[in-house]
Amino acid sequence: RIDAASLSGKIPEFIGNWTKLERLDMQGTSMEGPIPSTISLLTNLTQLRITDLNVSNTPFPNLQDLTKLTDLVLRNCSITGPIPSYIGQRMLDIEKLDLSFNRLSGTIPDTLDPLRNLLFMYLTNNSLTGKLSQWLSDTTVNFDVSYNNFSEELQSTNCQTNNLNRIAIYSSQENKSIDWCLKKDLPCPRKSTQYDLFINCGGRSLSFERKQYEQDTADMGPSSFYSNDKWACSTTGDFLGNDKLSYMASAKTPDEDIYSTARLAPFSLKYYGRCLLKGSYTVKLHFAEIMLTADRTNNTRGKRIFDVYIQGDRVLKDFNIAEEAGGINKGIVQEYTVNVTGSTLEIHLYWSGKGSTALPFRGVYGPLISAISVTPNFDPHTGLSAGAIAGIVVASFVAVLLSLAVLWKKGYLGGKDLEDKELRGLQLQTGYFTLRQIKAATGNFDPSNKIGEGGFGPVYKGVLPDGSMIAVKQLSSKSEQGNREFVNEIGMLSGLQHPHLVRLFGCCIEGNQLLLIYEYMENNSLARALFDREEQNLILDWPTRLEICLGIARGLAFLHEESVLKVIHRDMKATNVLLDKDLNAKISDFGLAKLNEKKKTHISTRIAGTIGYIAPEYAMRGYLTEKADVYSFGVVALEIVSGKCNTNYSRREEEVFLLDWAHVLQEQGNLLELVDPNLGTNYSKTEALRMINIGLLCTNSSSILRPAMSAVVSMLEGHLPVQAPLVRRQGTMNDHMRLASIEKLSHDSQTQSSHHSHDSHTHDSKDGPSVGSSISSFTNDEDTKDRPFLCKQASG
């Protein structure tokens with residue numbers, strides 16, 4: 001057994017020498033795949049368990065000679081391809097088959113049907129297709145095929161048939177004859193009306209802190225699903241060595257509260273908040289370790305370790321309840337702010353094989369939770385849209401806008417230069433600020449509060465009376481953009497609410513003042529963090545860089561695919577990614593991006609963007625689609641990995657781009673040389689290679705070969721394999737000269753100064769964070785060859 005051992009590196013080939021081995025458990029390690037081919041030599045194995053490997057993707061190992069297997073567990077190993085038919089043809093004694101949380105494709109082979117000893121089969125969270133065979137629906141044992149992409153069928157549309165758990169198995173949400181729970185994302189079958197949720201997990205209904213918590217006492221098992229009008233629950237897995245263990249736990253205490261009971265599962269436990277109004281919520285997860293015991297010195301016997309995901313984002317890794325709470329039978333609360341953009345909130349607790357499994361008795365492991373509370377961060381009774389910010393949009397706002405509209409129409413506020421029809425057409429979801437409030441917040445636009453200069457004009461930081469920090473973008477008279485663009489940006493930003501987009505708090509239109517009020521971003525831009533480290537004094541470790549890259553991808557996926565308004569950013573770069581106090585990435589400067597609601601393409605004679613980030617088809621032909629943003633994202637991803645700017649130029653004969661360097665290293669098979677040397681060895685090679693390959697895939701010269709941003713998100717999360725094509729460069733510089741130039745230039749990249757082209761807008765940040773506020777542009781006729789760049793000032 002190699003369970004939960006502190007081992008890393010690839011699984012060695014020499015395990016093929018253990019030919020007399022009957023059981024091999026490799027769970028909760030830091031080992032990397034792929035599974036070596038020599039495993040096929042272990043023909044005496046009866047139990048094989050390999051889980052949670054660090055690998056981007058790997059083919060299904062050749063196990064056809066392991067005919068004695070009774071337990072085959074290959075969970076979360078990034079296995080691709082179809083399920084081998086030989087499992088049903090040669091492994092006739094198999095009792096448990098767990099291939100969950102992989103990337104398997106194709107159909108479920110009917111050769112599994114004759115396996116009469118098969119008691120547990122877990123195929124959840126894969127990419128399986130085809131139709132479900134009748135033998136699956138007729139099963140009386142525990143099968144779980146949830147979260148796949150099966151073809152629609154009209155027969156037996158209930159959420160659970162017999163012991164077959166099959167939630168979220170259809171990607172289409174249009175077929176009304178199929179029950180809600182069978183569709184992807186579990187959409188609400190009616191109008192969403194819920195806005196709070198209180199569950200006493202594993203216990204009876206009770207009152208706690210003046211809230212009534214609903215009971216959760218359904219008899220759950222290895223492949224179970226329960227739902228009511230407000231929430232649902234799903235459990236997957238059987239407890240190793242104790243398949244009779246209950247999926248509920250209770251503490252032996254005289255007083256009953258939410259910490260005296262719990263719901264648990266062997267490796268996957270999911271809760272769903274149903275039919276929720278769109279908006280921001282506070283999610284509180286209550287935990288107490290009530291199953292483990294302590295010795296005489298109060299040391300806990302055993303360790304329960306698991307991960308927690310909310311809306312697909314991992315919020316807790318290697319979480320140990322007893323350790324965090326300071327002992328057993330002690331409650332602890334983990335609180336999060338979560339945005340619901342559809343109608344369903346998903347909370348997933350997952351065991352990755354770590355911790356003990358047999359203390360104080362067999363089967364005590366896996367995720368455990370005592371209670372869940374979900375409360376809105378907005379007023380659910382106002383009838384406002386989901387993205388409205390609590391306290392900003394109030395009833396008086398409507399009256400203020402109506403009054404201002406009348407005054408503008410009469411010309412009393414100098415508003416004649418704003419088209420009345422444009423203002424009347426805007427359905428703002430923002431708050432309105434008076435000029436007096438903004439002047440008070442910014443010290444009457446004190447120069448010491450100026451934090452940047454963008455294409456719209458200066459950006460100031462300010463403080464509201466309640467202590468809240470804001471960033472104020474002031475439309476200047478010298479700005480090339482006019483009031484029409486300002487109105488357009490208000491309309492755009494007011495309707496776009498996402499955790500990875502800079503939030504618009506409100507606006508001020510008074511006299512000749514046109515202002516936008518944003519959230520204040522404490523850590524300025526990603527460009528300053530990566531390329532100006534001495535001034536910024538920020539250290540971006542590898543996990544932070546990965547989360548930043550993933551945040552950018554999610555923000556762009558929202559703009560391209562999830563928002564009602566389909567938006568192309570057009571100027572995606574590191575300076576337009578801002579970092580909050582927790583280093584969460586938020587995309588800025590998309591207010592002037594072109595809408596893409598009706599047309600899928602747009603031919604533009606004015607090219608917007610920044611040299612080094614612009615997709616070739618857009619720069620050369622003005623051909624604009626969302627794939628232009630994908631290209632720019634690929635460049636930013638490479639910058640995040642390398643810590644180097646793509647647009648570094650030399651005045652000598654050598655001309656070096658980071659993207660060129662990446663292509664050289666790709667051809668040489670040395671992609672890891674691209675990794676920022678400041679990281680040392682403190683990074684995941686698998687994750688770094690994945691991000692580099694994604695960057696190369698996104699920067700493919702052919703737009704049709706670039707993935708959609710939603711696919712990029714899945715790749716970064718490890719749910720989809722990355723197949724980056726080999727892109728051959730063209731040019732006369734040999735690789736040695738190019739690499740030598742890059743190495744020499746990279747040492748200077750943090751101290752050089754640079755300038756924009758004559759119609760680009762510089763952003764000179766001073767002592768605070770910035771809000772991206774412009775788009776630099778150039779024409780196809782511009783000669784930019786001899787113009788030096790530096791990313792930390794290529795800002796808009």
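How many aromatic pairs does the structure hold? Let's work it out together, along with a few other exercises.

The model is predicted, so local features need pLDDT of at least 70 and side-chain atom pairs count only at pLDDT 80 or more, while totals for chains, interfaces and linings use all residues. Residues are numbered from 1 along each chain as its sequence is written, and side-chain values use heavy atoms, with hydrogens and water left out.

**Exercise 1. Describe the aromatic pairs.**

Step 1: Rings of Phe, Tyr and Trp (its six-membered ring) pair if their centres lie within 6.5 Å; planes under 30 degrees apart count as stacked, over 60 as edge-to-face and the rest as tilted. The structure holds 22 aromatic pairs.

Step 2: Take Phe 208 and Tyr 213, whose ring centres are 6.1 Å apart with planes at 75°, so this pair is edge-to-face.

Step 3: Now try Phe 306 and Phe 319, with 5.7 Å centre to centre and 90° between the planes: this pair is edge-to-face. Phe 306 lies in strand β25 and Phe 319 in strand β26, so the pair ties together parts that are 13 residues apart in sequence. Strands (E, at least two residues) are DSSP runs, numbered from the N terminus.

Step 4: Check the burial of Phe 306 and Phe 319. Buried means under 20% relative accessible area, exposed over 50%, and partly exposed in between (1.4 Å probe, protein chains only). Phe 306 has 0% and is buried; Phe 319, at 3%, is buried.

**Exercise 2. Explain how strand β21 is placed.**

Step 1: Six of the six residues of β21 (residues 268–273) are buried, so the strand is largely enclosed by the rest of the structure.

Step 2: Sort the directions. Ser 268, Lys 270 and Tyr 272 point one way, while Leu 269, Tyr 271 and Gly 273 point the other way.

Step 3: Find the neighbours; two strands pair if DSSP finds at least two bridges between them. Strand β18 runs antiparallel to β21, joined by six bridges, and Trp 231 stands opposite Gly 273. Six bridges also join β21 to β28, again antiparallel, where Tyr 350 is the bridge partner of Ser 268.

**Exercise 3. Is Asp 238 buried or exposed, and what does its side chain contact?**

Step 1: Asp 238 is found in the loop between β18 and β19. With a relative accessible area of 9%, Asp 238 is buried.

Step 2: Its side chain makes a polar contact with the side chain of Tyr 122 at 2.7 Å. A polar contact is a pair of N or O atoms within 3.5 Å; within protein, one must be able to donate a hydrogen and the other to accept it, and residues adjacent in sequence count only if both atoms are side-chain atoms.

How values were computed: Helix = DSSP H or I, 4+ residues; strand = E, 2+ residues; numbered from the N terminus.
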